Amino acid sequence: MPNFDPLSQSQHFLALPRPDVTLGPLPRGLADTTTVAAHDFDVDNRTGFMPPEPPLARLPSEWETWEAILDSALTKRLKLHNGPTTSVSDRADSAAWRRVVQKLPVLSTDDLKTSEVRLRRAHHVLVWVMHYYIYTQPEDIQPIIPRGITIPLLRVCQQLLLPPIMTYSDNVLYNWALLRPQTPPSDQGSFEALLFPLSASSTASTPALDNLKCLATFTGTRDEEEFYLASARIEFRGTEVLEIMRETMDEAFVGDNTALRRITSYLQRLPTVIKDITKLLTDVRHGCDPELFYNQIRPWLKGQDSGPASIKWVFEGIEEDPTLVQPTELSGSSAGQSSLISALDIFLGVSHGDNPTAVQFLKRMRMYMPRHHRNFLRHLENNPRPLKALVEANRDYPGLLNAFNASIETLKEFREAHIRIVGVYITGPARRARERLGQTGEGAVKGTGGMSAMAFVKGTRDDTAASKLS
Ligand code: HEM
């Protein structure tokens, strides 16, 4: 990005408006700019990493075949092949549904390419169908993903630079709608409102955290919805984290005494926000039952690397288009793909440098994040005036060091709460499942991302604790 100074006050990258358009017929000559602006990191002032408008809930009629096949899986409530309540007739229903998927024609993706929101919806629909297809079959059968899914999905992935698998963006970032729709802004018809639907309107705001529902869940349970919405609420609440980051970095650019005073006060706000995020995480326990999560929700989200090592997913028809490449990234959906928590790590200078497993995993998880968010994190990493160095250089400034360390401490507490959540939702139910099967031993349980779950989340907690300044 030549001639773009990320830290200049007027065009600070965290303050730039977010070019986006509501889908629908665009006025003649007006392009969908969501992917065009080089400085657009798809981070919104009011909704952070969440899109400023509820995600597209249905593709135009050209792709109705995909929407219809997903609808039918959702309404039939297809069951996991080995689910605890799956009957013989459930399996017959799934087999009939899979036969329809096998016959899907290869729809063109050409007209999707001009619209980021359509591409996202296409990724969402195709990966949901793909996961239904894979997990309604026995786990020891090699999944052969039919060409009607493979070819368009891989083409959409080429555009979005995402792996062909369910990601955090498919079940959290772009899987929500408003429970009670908000009143549309009065100036909705204006050109500016069309380009900047939220920033142009004085009535629009971050959705209330209790005003959210999910577009899709595998099980149709409130538990699954609450599991996704816990992350969604965290992302929305996290908007203030991004605001604090922007304000802090603006002041770091000036760097005088007034700037230090302001940075101190911004950092004093941060622990409150991180505590709220921690509460939103632990509140998942009110709506999502751990046994149901472990046995009925989580298996749908797994990737190739969570299953038996010998079972490789086959993408049928890939050879029909020479531009398509064999997918290598096939890890399951994980909140480890949340750009918000990574942004906090980068901003506060939390280093996982002594923890190669974490470095490798978190680096890999970036490939599962929307590409604009990935670029945002890279940009943040290249910040020439990192906060930690500034605090170290001004450690005697009243309150600064304490505010910084308090922020790290609350991030550590978030990770501690997360460890307890992993214990309640994964380690505990896994142990009980082993006991039911009469198995002995404490074998390490893998996370959806294919990691040894508990050791991993404890490691990132320790990295956080070690990042305090003495
Ligand atoms: C019931 C709820 C949750 C469970 C059972 C859970 C479980 C896990 C597991 C097993 C991992 C290890 C990596 C993997 O294999 O995926 C992980 C990583 C991670 N999770 Fe969660 N998680 C939950 C909710 C959340 C939420 C709501 C967030 C925040 C949005 C979150 C953020 C993270 C992050 C950032 C990592 C990467 C490790 C780190 O940076 O500490 N998790 N989670």
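Modeller: Let's start with helices: helices (H or I, at least four residues) and strands (E, at least two) are DSSP runs, numbered from the N terminus. The expected span of a helix is 1.5 Å times one less than its number of residues. This is a predicted model, where local features need pLDDT of at least 70, side-chain atom pairs count only at pLDDT 80 or more, and totals for chains, interfaces and linings use all residues. Residues are numbered from 1 along each chain as its sequence is written.

Biologist: How many helices and strands are there in the protein chain?

Modeller: The protein chain has 17 helices and four strands. Take α3: its 20 residues reach 28 Å from first C-alpha to last, close to the 28 Å expected at 1.5 Å a residue. Then there's α9 (residues 257-282), with 26 residues reaching 39 Å, close to the expected 38 Å.

Biologist: What makes α3 largely enclosed by the rest of the structure?

Modeller: A residue is buried if 20 or more other C-beta atoms lie within 10 Å of its own, exposed if 12 or fewer, and partly exposed in between, with C-beta atoms placed from the backbone. In α3, 20 of the 20 residues are buried, so the helix counts as largely enclosed. Across the protein chain, buried residues make up 41% of the 470 residues.

Biologist: What is the largest nonpolar core built from, and which residues have the most contacts inside it?

Modeller: A nonpolar core is a set of buried Ala, Val, Leu, Ile, Met, Phe, Trp, Tyr and Cys residues joined through C-beta atoms within 7 Å. The largest one has 104 residues, and L126, V129 and M130 have the most contacts inside it. Helix α3 (residues 116-135) gives the most to this core, with 12 residues. In soluble globular proteins, nonpolar side chains tend to be buried together.

Biologist: Which residues does V129 touch?

Modeller: Touching is being in contact: two residues whose C-beta atoms, placed from the backbone, lie within 7 Å. Leaving out residues up to four places away in sequence, V129 touches W66, I69, L70, A73, V101 and I149.

Biologist: And α9, what do its buried residues pack against?

Modeller: They pack against α7 (222-237), α8 (239-254), α10 (284-287) and α16. Among the buried residues of α9 are L260, Y266 and L281.

Biologist: Why is H418 called partly exposed?

Modeller: H418 has 19 C-beta neighbours inside 10 Å, so it falls in the partly exposed class. H418 is found in helix α16 (residues 400-436), and touches L281 and V457, not counting residues up to four places away in sequence. An unreviewed UniProt entry places the feature "binding site" at H418; such annotations may be inferred rather than shown by experiment.

Biologist: Why is L161 exposed while R77 is partly exposed?

Modeller: L161 has 12 other C-beta atoms within 10 Å, so it is exposed. R77 has 13, so it is partly exposed. R77 is in the loop between α1 (64-76) and α2 (88-102), and has a positive phi of about 50 degrees although it is not a glycine.
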